[in-house]
Amino acid sequence: MDRTMLEAICKAKAAGERAALITIVKTLGSTPRKAGSKMLIWPDGRSLGSIGGGCAEADIKRQALMALDSNQPFLHRIEMLNDVAASEGMVCGGVMDVFISLI
């Protein structure tokens, strides 16, 4: 975890803010980011970091907001396989498993 992410988490905790920490835990095939990449998402939609952008990041933002609403962390799979990737104009064609934890 880089220093900027760690400082943002500490600042959010100190301010009593809620946020979701997204961590890529496993990848298969071609993906924009690899395991260990992190992203922080606040309930108002602000974010820090990236798991790769595009439709994968839009999907994980929705999932993070659901985790915050339900107060439940969970594992989520993002599939960027050939048909989906081609229709979205993506160059990747893999799968990412991401863990959404709550801070």
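**Stop 1**

Start by selecting Asp59, which is buried, with a relative accessible area of 16%. Buried here means under 20% relative accessible area, exposed means over 50%, and partly exposed lies in between (1.4 Å probe, protein chains only). You are looking at a predicted model, in which local features need pLDDT of at least 70 and side-chain atom pairs count only at pLDDT 80 or more, while totals for chains, interfaces and linings use all residues. Residues are numbered from 1 along each chain as its sequence is written, and side-chain values use heavy atoms, with hydrogens and water left out.

The side chains of Asp59 and Arg62 form a salt bridge, with 3.8 Å from N to O. A salt bridge is a side-chain nitrogen of Lys or Arg within 4 Å of a carboxyl oxygen of Asp or Glu. Both residues belong to helix α2, three residues apart, or about one turn of the helix.

**Stop 1**

Select Arg46 next, and show its side chain.

Arg46 is partly exposed at 39% relative accessible area, Glu17 is partly exposed at 33%, and Asp44 counts as exposed at 54%.

The charged end of Arg46 sits over the ring of Trp42, 4.5 Å from the ring's centre. To count as sitting over a ring, NZ of Lys or CZ of Arg must be within 6 Å of the ring centre and within 35 degrees of the ring normal.

How many salt bridges does a search of the whole structure find? The search finds five.

**Stop 2: the whole fold**

Zoom out and switch to a cartoon view. The protein has three helices and five strands, running α-β-β-β-α-β-α-β from the N terminus on. These elements are DSSP runs numbered from the N terminus: helices are H or I with at least four residues, strands are E with at least two. Of the 103 residues, 36% are buried.

**Stop 3: the sheet**

Colour the strands. In what order do the five strands lie in the sheet? The open sheet has the order β3-β2-β1-β5-β4, with antiparallel pairing. Two strands pair if DSSP finds at least two bridges between them. At the edges are β3 (47-49) and β4 (74-79), each pairing on one side only. From one strand to the next, the twist averages 25 degrees.

Walk across the sheet with these pairs:

- β2 and β3 run antiparallel and are joined by three bridges; Leu40 has Leu48 as its bridge partner in β3.
- β1 and β2 run antiparallel and are joined by four bridges; Thr23 has Lys38 as its bridge partner in β2.
- β1 (residues 20-28) and β5 (residues 95-102) run antiparallel and are joined by eight bridges; Ile24 has Val98 as its bridge partner in β5.

**Stop 5**

Select Met5, which sits in helix α1. Is Met5 buried or exposed? At 5% relative accessibility, Met5 counts as buried. Leaving out residues up to four places away in sequence, Met5 touches Leu21, Lys38, Met39, Leu40, Leu48 and Gly49; contact means heavy atoms within 4.5 Å. Try the distance tool on Met5 and Met39: they are 34 residues apart in sequence and 8.0 Å apart in space, C-alpha to C-alpha.

**Stop 4: two backbone turns**

Finish with Gly45, in the hairpin of β2 and β3, which has five residues between the strands; Gly45 takes a positive phi near 95 degrees. Then select Asn71, in the loop between α2 (54-70) and β4. Asn71 has phi near 60 degrees, a positive value in a residue other than glycine.

Note on methods:
Axes fitted to C-alpha atoms, helices over the stretch in contact; angles between N-to-C directions.
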